[in-house]
Amino acid sequence: MHDMSRKTITVVFCDMVGSTALSERLDAEALRHVMLRYYDLLRACLERHGGTVEKFIGDAVMAVFGIPVVHEDDALRAARAALDMLAAVEESGEELERETGARIAVRIGIHTGEVVTSGAADAGHALVSGEAVNVAARLEQHAPAGQILIGADTHGLIAAHAETTEVEPLTVRGKSEPVPAWRLTGIRDEARTLAGPPGVPMVDRGDELAQLRMAFARVVRDRSCHLVTLFGDPGVGKSRLARAFAAEAERDGALVAGAHCPPYGSAGPLAPLAPLLTQALGGVRTVAGPAGLGAHPLGPNPRARLAEVLGGGEAERDAATALARLARTGVSGTSFDETRWALQLLCTALAGNRPLVAVVDDLHWAHEDLLGALDHLADWVQGAPVLLLCVARPDLLERHPQWGSGKLNATALVVPPLAADDCRELVLRLYEPAADPEVVPHATTVAHDEVVERLVHRSEGNPLFVEQIVGMVSESDDPRFVPPSVRAVVAARLDRLEPAERAVLECAAVTGAEFTAADLTALLPPGAGPVEHAVRTLVRRRLLEAAGAPAPTEPGAARWRFVSQLIRDEVYSGMSKLVRARQHERFAEYHAERAPDGHHTIGTHLEEAFRLRLDLGPADATARSTGARAADHLAAAGTAALGRG
């Protein structure tokens, strides 16, 4: 039995069109050379965006995004990679046509869904299997040459960024219903503005805004540099908070510029600073994303503009030369030490007449050199009012635990989830019930209140989750449904865990709402060691939390629970069904030893194990035995409940 897990990933199939004509024109050895170039080309495009090539099948390639590690933007990465593959093959095809007279093209299918993965391909076994793989292959087979077809779940995940055209649903072999499909034609630039997207309100955050205002006032008063880092989980609203403060500071006369650290694909380690430079120098408000820098807003000679701002001395001219290439291409034109010195001079000059607020978003994805440059600015910009506002997930402290420490001019602020009342307010602002209260006022009000409370519970105080889940409920009318975008954010957090930490979480997901260290130990394999260290780490990562103080008569019986039901659900669904069934059976046996009269708990776990085994195939002897024992315990629990009235 291979070590299997379940994941939601994005699958890409790409097949060559025109390979028959090519084989007719070329000698077998020459054809082999062409195919190797073709494989290398596709692999480079896929891996550049974080994809994993599972296999080449003749002149087709299958790749996955989300293995070995899930990213919240795997579907978007797959779409970008597919577009790159089209462009690369077209360019290579022109060269090949000049050489051989034969033209090749590719067609691509992309689909997102749950698969079973073995973790690594071995001995001929596939890396992944599942319906998502089949649908991606069918989409590729129906795509015209030079086109990309994507499935419904992929479209839902990338619709905000993608240029698509809906096509007729596809009738494919093995599917009873037509498969919805869209043609992917492009990805829009991930432009961000410091003003933020309109429409979605910001609720609460008054305390955090007040602290940012105090830091800014201190910078202006003392004409000093201050480093503020906003920490928060994905979707908690830290970027929106930074944009709201930046807009306020700009209204108060500050020069505001922003940068965004992409998760991959930067031209160089300091590339995120290029758009910040162009904004600060040219008054441009748009923050360029990872797709590229586009046309340069400072004209053909950024060095002249830099020299104008910095002044006419020899040192300033050297600094302008050092920064000109960075502003134009995203790659520094000199050594790292000279570049950060030049940045120091530029920040000081820019803040000469009015305060400078530099916002750097997604700092957890920043290269070491960018972190070093910001650290240098915080230490060495003097006599000028500069506020460096960095936005990061707590992951940053896992990679760089000393970030911001040891500085008197550094502040770390944590942006917490919304309190229940604030979360409810946000839900009420966004949720529009479909029913008409004029028709059935009381029923509608009751149903509306129930849906709102479910949405508040499912959102766990995360504004992004509120927005995504409310939007999905408005379409599906099912408040229990969790959008793929939300699941992707949670899954990406879980995939960064160490194996021992993930194993403890999986045991916790089986036990129930609350659990003790002894409960977890009972489910871990022999020799796994004490779980207390892993639990403390998971609490620090805000995945688990204390469920209450232990009873005085039970030393060491502290109880724990998941911080979020969404996290518990994602952990549980990521386990293979066979592993889940076995763990439920083990926990039932453990509970029977400790509390033989706990028939309800024992029966519930055995029932779940029985249902999971039935999902995997016809009931065998093990499944029938598990079901019979579940029935006995549940019957005993029912009899006891009846006796209590």
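Predicted model: local features only at pLDDT ≥ 70, side-chain atom pairs only at ≥ 80, totals over all residues.
Colleague: Which strand does E10 join through 7 bridges, and how do the two run?
Modeller: That's strand E14, residues 386-392, and the two run parallel. Strands here are DSSP runs of E with at least two residues, helices are runs of H or I with at least four, and both are numbered from the N terminus. Two strands pair if DSSP finds at least two bridges between them.

Colleague: OK, back to E10. Which residue of E14 stands opposite His226?
Modeller: Leu387 does. E10 also pairs with strand E15 (residues 410-414), in the parallel sense over 5 bridges. There, Leu230 stands opposite Leu413.

Colleague: Why is E10 described as largely enclosed?
Modeller: Because 7 of the 7 residues in E10 (residues 225-231) are buried, the rest of the structure largely encloses the strand. Buried means under 20% relative accessible area, exposed means over 50%, and partly exposed is in between, using a 1.4 Å probe and protein chains only.

Colleague: And which residues sit on each side of E10?
Modeller: In a regular strand, side chains alternate between the two faces of the sheet. On one side of E10 you find Cys225, Leu227, Thr229 and Phe231, on the other His226, Val228 and Leu230, and all are buried.

Colleague: Zooming out, how many helices and strands does the chain have?
Modeller: There are 24 helices and 18 strands. Of the 645 residues in the chain, 47% are buried.

Colleague: New topic: how many aromatic pairs turn up in the whole structure?
Modeller: The search finds 5. Rings of Phe, Tyr and Trp (its six-membered ring) pair if their centres lie within 6.5 Å; planes under 30 degrees apart are stacked, over 60 edge-to-face, and the rest tilted. Take Phe515 and Phe562: their ring centres are 6.2 Å apart and the planes are at 65°, so that pair is edge-to-face.

Colleague: Where do Phe515 and Phe562 lie?
Modeller: Phe515 is in strand E16 (residues 515-516) and Phe562 in strand E18 (residues 559-562), so the pair ties together parts 47 residues apart in sequence. Phe515 is buried, with a relative accessible area of 0%, and Phe562 is buried too, at 9%.

Colleague: What about Phe587 and Tyr590?
Modeller: They make a tilted pair, 5.6 Å centre to centre with 45° between the planes. Both lie in helix H22 (residues 577-594), 3 residues apart, which is about one turn of the helix.

Colleague: Which residues lie over the ring of Tyr572?
Modeller: Arg568 lies over its face, 4.5 Å from the ring centre, and the charged end of Arg580 sits over the ring, 4.8 Å from the centre. For that, NZ of Lys or CZ of Arg must be within 6 Å of the ring centre and within 35 degrees of the ring normal.

Colleague: Last one: which residues does the cis peptide bond join?
Modeller: Ile67 and Pro68, with omega about 5°. Pro68 is in the loop between strand E3 (60-65) and helix H3 (74-100).

Technical notes: Residues numbered from 1 in each chain as written. Heavy atoms only, no water.
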